[in-house]
Amino acid sequence: MQDDNLSKSAQREVDLTLLKAVARFDQGAVARLFTEYEVIVSRYVCHTVPDIGEEDLQDVVQETFIGVLRSSGDYRGESSLSTWILRIAHYKAIDALRRRKVVEKREETIEGMSSDEVSFVGDASADVEEELVNEQDIGLVRKALASLPEDQRQALTLRYVMGMRVDDVAEGMKVSRRKAELLITRGRASLKERLAELDIRQ
Amino acid sequence: MSNTSARSSMSWNNDVFTERVLAESGRRILGLSSARRIMVLQALLAEAARLRAARARAEERMRWLNGVLGVFTPSRLRSLGALGACALLITAYILFGGSRIPANASLSGLAAVSERRFGPLGLQWSVARPADALQSYALHRGDEILAVSEVTITFSDGSQTVARPGTRLRLLAAEAGLVLFAGEVANTITPAGSGEIKFRVESAHGSMQVKGTSFRVRTEADASVTEYTDQGRVGVTTTAGSIDVVTGEQARLAQGVAPVARLQVPRVSFATSVQGRVVSEQPRVPFSTRIFPGATLIVHDANTNETFATFRADATGWIEDTLPPVLGTAVLRFSQTDDGRTSAQSAPVEIVVDEEPPVLGVTRVQRSRSGIEIAGRTERAATVLVNGVRVDVKPDGTFKTVVIAADALSAITITATDPAGNTTTIVQTMQ
């Protein structure tokens, strides 16, 4: 546990140093930040805006990093850098949802979505546990996730898709640890129900 | 789908399996495509550069402001009392107060702008901004501009003034137009719906009221202003009198001297002119110019000062023709003459007629693991294509490239083209 805290504190130091350089608009630091965090931002945005097209994804990722650039001077290392960046990505993704009025239409859209639409950047050749997890499973889970209330979807995305610890989920959502645990538990129950419904339909 | 459903009905009750699918769904998103990633990174780096420049400017302004405010330290203010407080208030008002009058004009280019501010009791003053790259910067009446690069001022009616680098001018406070202190401006004026044109250029030596659509004004070393029209007519006024200047004429303005319209030095255009040098593969070189309506354009041999050719302008002053055949190289000057008036001669223009195809030779053809290496030599300024692909030519005229073997099964075609457009082609057949 002590080692864990030490490595966490060391990582925060690295994050702070990087963000200080970004706050000076150092081109090398900006490029490094983008290279290190682009994939996790893309993953998060794809799960928050389930039917997002590649062009819109590019816009949201760009807006997120420009947001990071502009507020880099505000980062104090109170949460991990990835959590802090994903918080900005969340607002940008929600903005994108609002712009496209997907929030209001989501229920109808879910029915018409194909798994291809949400996995366009996925690696078709990925063979990780192919026997157990296939594209249909992933498509089904994404559809189910997309239908959950926003806070539950965000909690499950941060916890399981992004692989964050509960503490980081709480930091990322700016809620207490207990509230984060509650959202994850409720989210899992809702997801299970939704998966069962979708499975029956298919 | 049936096997998925059969398995899923049990699997979705297994939280571990669901968590694994969620994690896997994240892992399978690899981010943006390479092209989009590069586009975002470029946008990000551009934004970082912009923000850094903006911050540097803000810091510079703060340093300047602190320098000004540093004069009014608390101890100094205490020693000055009410007088110090008043001085501070007046300074702040000068810097940030007063009103500005929109001029419905915008500026693009690199320029330093002095903002004109208007206060009570008819008071006016200027606050200088450091030189900056400006895009659609809103100008106000009385603003003064020092052009660092070529600067374009666009008025709301579409009229444009293009100022050359180094030009200093001020927008008129009460009407459309400007005061030219130094440099050169080219004005293209859009008439109002009624056809009426209201645009005035003033200088220290007189004023010009446009009656046509396009005219140019410049200041010279002796502080006089020369003015001429490209199209239409311009009214020129000094304290000693006024005249109208038409297409192909220019007038020199000086205080106390009545302006006189003279023929302007012709500006002759060639299709392939580069820095005063014209290279052509045809001995008869085409050109165009606009001079005084009905005037004669005289082409002089710059070496002998003899007349090389003459051309007569039409009723609009326009000439579009070809020069008599030039053998090899000729250096020419241009002037115009009409009814006893003759303009000065233009700067010399070198005409080079090159009918010879460029020299081209292949010095090496060698098969290698990556393909077929081709090396050769041509003229210094020629461009070379090997199987349709452009190859860099070194200053000494040599070139070298590798043709992929699959593209060179039967033959390799090498083409050299000189600046006059002459070409030489070699087809290298492969064994």
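Predicted model: local features only at pLDDT ≥ 70, side-chain atom pairs only at ≥ 80, totals over all residues.
Local features need pLDDT of at least 70, side-chain atom pairs count only at pLDDT 80 or more, and totals for chains, interfaces and linings use all residues. Residues are numbered from 1 along each chain as its sequence is written, chains are lettered from A and ligands numbered from 1 in the order in which they are written, and side-chain values use heavy atoms, with hydrogens and water left out.

The largest nonpolar core holds 66 residues, and A:Leu33 and A:Leu81 have the most contacts inside it. A core here is a set of buried Ala, Val, Leu, Ile, Met, Phe, Trp, Tyr and Cys residues joined through side-chain atoms within 4.5 Å; buried means under 20% relative accessible area, with a 1.4 Å probe and protein chains only. Helix H4 (residues 81-99) of chain A gives this core its largest share, 10 residues; helices are DSSP runs of H or I, at least four residues, numbered from the N terminus. A second, separate core has 31 residues, among them B:Leu139 and B:Phe215.

Rings of Phe, Tyr and Trp (its six-membered ring) pair if their centres lie within 6.5 Å; planes under 30 degrees apart count as stacked, over 60 as edge-to-face and the rest as tilted. A:Phe34 and A:Phe65 sit with ring centres 5.1 Å apart and planes at 75°, so they make an edge-to-face pair. A:Phe34 lies in helix H2 and A:Phe65 in helix H3, 31 residues apart. A:Phe34 is buried at 2% relative accessibility, and A:Phe65 is buried at 1%.

Key:
Buried < 20%, exposed > 50% of the residue type's maximum accessible area, 1.4 Å probe, protein only. Helix = DSSP H or I, 4+ residues; strand = E, 2+ residues; numbered from the N terminus.
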